[in-house]
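Open the model in your viewer and keep the sequence panel beside it. The stops below say what to select and what is there.

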Amino acid sequence: MSFPILTVATFLPLAGAIWILFIDKKKEEKIKQIALVTSIGAFIMSLPLYFNFNLTTHEFQFVENIPWIKEFGISYHVGIDGISLFLFLLTSFLTCIAILASWTIKERIKEYMISMLVLATGMLGVFISLDLFLFYVFWELMLIPMYLLIGVWGGPRRIYATIKFFIYTMAGSVLMLLAILAIHTLNYKETGEHTFDLLKMYDLDIPMGTQFWLFLAFFFAFAIKVPMFPFHTWLPDAHVEAPTAGSVILAGVLLKMGTYGFIRFSLPLFPYASHQFVPFIAWLALIGIIYGALVAMVQEDLKKLIAYSSVSHLGFVMLGIFVFNIQGLEGSILQMVNHGLSTGALFLLVGMIYERRHTRMIADFGGLAKQIPIFAVFFMIVTLSSIGLPGLNGFVGEFLVLLGTFKSNVLNATFATTGVVLSACYMLWMFQRVMFNKLSNKKNQNMADINSREWAIILPIVILIFWIGIYPKPIISRLDSSVNHLLTRVDEKYKTTLNKVTKDKEKLALKEDNVWK
Amino acid sequence: MIPLTWYLILSGALFTIGATGVLIRRNALVILMCIELMLNAVNLAFVTFSRHHDSMDGQIFVFFIMTVAAAEAAVGLAIIVAVFKNKATVNVDKINLMKW
Amino acid sequence: MPGLFGESFLDLIGLVLLFPLAGAIVNGLCGKKLSPSIVGFIGCATVGLAFLISILVFLDLLKLSPEHRLFEKEFFTWIGSGSFTAVAGLQVDPLSTVMILVVTGVGFLIHVYSIGYMHGDEGFYRYFTYLNLFTFSMLLLVLANNFLLMFIGWEGVGLCSYLLIGYWFEKKSASSAGKKAFIVNRIGDFGFILAILLIFVTFNTVDFTEVFHSAPKQLTTGSLVATVITLLLFLGATGKSAQIPLYTWLPDAMEGPTPVSALIHAATMVTAGVYMVVRCNVLFVMSPFSLTIVAVIGGATALFAATIGLAQNDIKRVLAYSTVSQIGYMFLACGVGAFVTGIFHLITHAFFKALLFLGSGSVIHALGGEQDMRKMGGLKKYLPTTYKTFLIGTLAIAGIPPFAGFFSKDEILLEAYTKGNLLFWGLGAFAALLTAFYMFRLLFMTFHGKSRMDKHVEEHVHESPMNMLLPLMILAFLSVVGGFLGFPAASAINNFLAPVVGGRGHIGMVNGGETHHVSQNLMFSMMGLSTGIAIVGIMLAYILYCKKPDLPAQIAGRFKFVYNILLNKYYVDEIYDATIVNPTIKSSFFLWRWIDVRIIDGFVNGVARFVELKSEVLRLFQTGFVRNYALSMLLGGIIIIICALFFL
């Protein structure tokens, strides 16, 4: 067996957490350094995934499959394909950034870093799991540290926010657990084999009625995570209360788990139901796009504004997933990465001015561009990336999603395009009120421009923003075969189910005819 | 020979006394002793049946129960001592932090 | 040198883009540490080099036979997903060559001018970074060989416009104007994006050559798809080129530094919409309905903006409305199918409007930032060179032969009459009258009559330095001779551009299979007529603002209602605020405060509240008495035993 690169990359942060466990909590610098080093280690370990990725196959790569609980057919089955590759990379990348951004945390550093690292392992695990049970374990594993991050290191209303976040997510994931068990049972009845292996489940032919309910169960789990309108209200609260790094991880990675779940589970497992739900989901996504943008426009708190903008952006992602064509899906995956980068960067930047001024209210700022010009430049670039300026990353994903949508439904695409206008409205209005106009507030007049640590945080993201915007080919080409394969599979299974349905209907019609005769 | 029933009646009586004591007494020490009484009543029943059925299983169980009882007494007493240190009382009605 | 780099200078087309980009990067990254003179030098030199290469490219293109004048160079695949590909590729053809010459040429002059104008400004390097970035984006816009790459340039110039309008961002009006420009442009982009999508879905490509090649085969003239595509494209054009109904950002854009207004909001960016329409002439021709809409909007904007220009007192705002109006002319030309004439007017307009803006900049510079014409007057003697060049520009825009504006505007009117109808001609002619009037009103109010300046301002009035005057003179020269590019008898520009517009650009060329020449008589009588109109306008202005300076106030007093409407720009901004902006914000507040907080969160918290209430009751079971727990345990045990006895 070759070197278990995925396992190492995934569990390296956990190992770091265990290491920190044995260190005196007064040695704060050392704890921070260990956390940073292990997270960077995980990122470096994940880089070979990108370089050694085989573009020609849709099969899962770097696979490891070890039986875990044999009696129930649970195995430690991990691997990545084009769809998960970039989410995995994004996660390990953002973890480093988030830990570096947490340098200013003052209290309970040991516990904080442990939470952060455990969270990293949980998130990375979600993206590589090819076993439903394992997936669920990682899915829940990352919930707890996030709960603690918001609940312990958060703002004034942190308890409310964190419990809301936790219960929302739990409510969804319990339904998902039930659905997972149901699939397991269905598979057992069909094949007589106890297994949770996702790849075997892909071949399972689930009756349409059952598909409907199972899809719905998964839908709730994922839609809450995305979050789709109207399940989004935990997001602004969680973001506002979370510490900077928590917001970055939350926006950058956690939200992607919902959309990733739709691609990895809902579409291939329940193709028929997915097709049936298209109008419903498309409308929710469109409402999300426009509603999120409108509500973002009138927010007074910077973090809330960005949180609502996430609702709007993730609406694009959802729209792209459920158009069932290659541009839409590839655009969605790209848009997930883009949103992780640009919204993550926005939260980082807001965190930086929050550390200096201890306020996030837009009204408290104004004219900052004069006081902190370098910060202003970065803020501008990230803002433009968020509103999808061509040449920066946001545009590529957004455009592909719109293209995919347009191919399947012109009206939906037209509505979605209004999001492009609205995003400019709320982001630029915010930018004007924060960075432009007179520097009138006395307290802002001795803010320091960004320091070298903050350079190190923001510069890599900005480089990626430009790279994806100008030359996204390395990414899209890695998506191609996986996405193509997924779409063909979904299409074929959908058609077989459809044929069955029509045949059943014909039979029924025949019967009725006979009755009438 | 004393019939089986008498042993069982004695065992039952001891158990009832123990249970009643647990329910109505306020002193934690006495409650602990009552629990011991209940355990020993059960032991008696075990030994009786063991003899009656000519099987050693019941006696083995008694050994286990005696170990558990000893452990329980140790832990229970420790808890009571700890409670007394904090509250200066072993009256269980005063130890009612965990209520609505 | 061509041998080194390839077949010809055409291969160097990438450098045209690269130089301004490099300038922007160098100035942006290290401009703060460099001295202003070096920053200025980098800014100008990069654009100057781009201009030189553009000339070489132009000359090389001329060497080719007219039908082979299309050179494409593809660098890499930018976006490729499934059947969709958008390459990063450039296209050199007569149209894009004309555009890069204008952009780099006029751009270079304005860069040079800016060194003087922006002298001593805090953000000098920032200014040149933006300006170079703008030049890069604009060149990308005109050189792109597909719609999507063009869109990068399209948005890029919008971004630079945003940054430069809000260059003095500490002024609220400036930052608001920048934001307004970007958002209004985005509304136009909404149409552009949808058009690109529809084009791809229809033709399965976004490459210009392929789209224009297959359009006539795939679509029938007048088909719905063609109409929708062109209308959406035109929506994009109205945003960028400030036409009704999206023109409102341009007057506000005058908050930016004056050279910026000259470069972006007069000579180049705002005409991008015209360029785009001409570039897509194949599509537009396939939809007569769209062409009519283009002509109507163009003509209406030309007239509408001219009327507003009558009553404005801010020197730059007058010029801004005149820009809106002149671009209306260009669309009018495109709308009647005279695409080359549109481009012709674009070129001459770039010359004389850049000249006028730079001239006004020189005036503003001299007066220490004063823009109100009511506080000027009599500047002729203080600023002789500025006055002379300004006069040339004014004559050119008014349409007095032989200045540049005469030829292009006259041709538009002629085309409007022959290809369109009397209405289009009437719109154009009336607008021409107003243009001549308000431009000379501006000239007289600024340079003639008695000085109305403040005392301390008047003491410091000075002619601008040479590096500002030189661009003025060159542009003045171009405004004089530029018109001969399209001299009716031997129109160089027509012949040059003919391949791009497929011979649809010019009267007398093949049109729908039949050739029809305009009679010499008509042509000359039209010329006479339009000159007459211009002279009438000038005379009116002369009477009102030179002979009897009290008269305008009396007229304004008598027609107070009309005057107020014009002064307040038909209250369009206020109407937009009341009907679109404010309702959007109000409904957003409603969505947030009611739907989000009250209804959705209300439901969520309501569920929590419900659980809490029920637990209030249930928790009473926790009495805190150990014996109660023991008793319930006992009872539970008994119940279990009873159940076991009876039910098992």
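Start with C:P402, in the loop of chain C that runs between α17 (384-398) and α18 (404-419). This is a predicted model, and what follows should be read with that in mind. Show the backbone from C:P401 to C:P402: the peptide bond between these two prolines is cis, and its omega is near 0°. Most peptide bonds are trans.

Next, select C:I244 and C:P245. The bond joining C:I244 to C:P245 is also a cis peptide bond, with omega near 5°. C:P245 sits in a loop of chain C as well, the one between α9 (224-240) and α10 (249-252).

**Chain C as a whole**

Zoom out and colour chain C by secondary structure. The chain has 27 helices and four strands. Its C-alpha trace spans about 120 × 65 × 55 Å along the principal axes. How much of chain C is buried? Of its 648 residues, 58% are buried.

Chain C has an accessible surface of about 24900 Å², and carbon and sulfur atoms contribute 70% of that. Now colour by charge: there are 41 positive and 35 negative side chains in chain C, and the centres of the two sets are 8 Å apart. Among contacts in chain C with a separation of 6 or more, 80% are between residues 24 or more positions apart.

**The hairpin in chain C**

Select residues 71-81 and 84-92 of chain C. These are strands β1 and β2, which run antiparallel and are joined by nine bridges. Together, β1(C) and β2(C) make a hairpin with two residues between them. In the turn, look at C:G82, whose phi is positive at about 60°.

C:I79 has C:A86 as its bridge partner in β2(C). Is β2(C) mostly covered or mostly open? Eight of the nine residues in β2(C) are buried, so the strand is mostly covered.

C:N145 is placed in the loop between α5 (124-143) and α6 (147-165) of chain C. Which side chain makes a polar contact with that of C:N145? The side chain of C:E74 does, at 3.5 Å.

Now show everything that C:N145 touches. Leaving aside residues up to four places away in sequence, its neighbours are C:E72, C:E74, C:V87, C:G89, C:L90, C:Q91, C:D207 and C:F208. C:N145 has 0% relative accessibility and therefore counts as buried.

**Between chains**

Bring all the chains back into view. Two pairs of chains are in contact, and the pair of chains A and C shares the most contacts. Chain A and chain B do not touch, and their nearest C-alpha atoms lie 21 Å apart.

**Chain A: two buried residues**

Move to chain A and select A:D197. This aspartate lies in the loop between α7 (158-191) and α8 (198-202). A:D197 counts as buried because its relative accessibility is 6%. Not counting residues up to four places away in sequence, A:D197 touches A:N65, A:H77, A:L130 and A:D131. For a sense of scale, draw a distance from A:D197 to A:A376: the two are 179 residues apart along the chain, and 49 Å separates their C-alpha atoms.

Then select A:T244, in helix α11 (residues 244-269) of chain A. With a relative accessible area of 15%, A:T244 is buried. Its contacts, again without residues up to four places away in sequence, are A:K303, A:F347, A:L348 and A:G351.

Most residues other than glycine have a negative phi. The last two stops depart from that pattern.

Select A:R108, in the loop between α3 (82-101) and α4 (109-128) of chain A. A:R108 is not a glycine, yet its phi is positive at about 50°. Is A:R108 buried or exposed? The residue is exposed, with a relative accessible area of 53%.

Finish in chain B with B:A88, in the segment after α3 (57-87). B:A88 also has a positive phi, about 60°, although it is not a glycine. B:A88 is exposed, and its relative accessible area is 61%.

Definitions and conventions:
Residues numbered from 1 in each chain as written. Chains lettered and ligands numbered in written order. Heavy atoms only, no water. Buried < 20%, exposed > 50% of the residue type's maximum accessible area, 1.4 Å probe, protein only. Contact = heavy atoms within 4.5 Å. Areas by Shrake-Rupley, 256 points an atom, 1.4 Å probe, with all protein chains shown as cover. Lys, Arg positive; Asp, Glu negative; His and termini not counted. Charge placed at Lys NZ, Arg CZ, Asp CG, Glu CD. Polar contact = N/O pair within 3.5 Å; in protein donor to acceptor, adjacent residues only side chain to side chain. Pairing = 2+ DSSP bridges.
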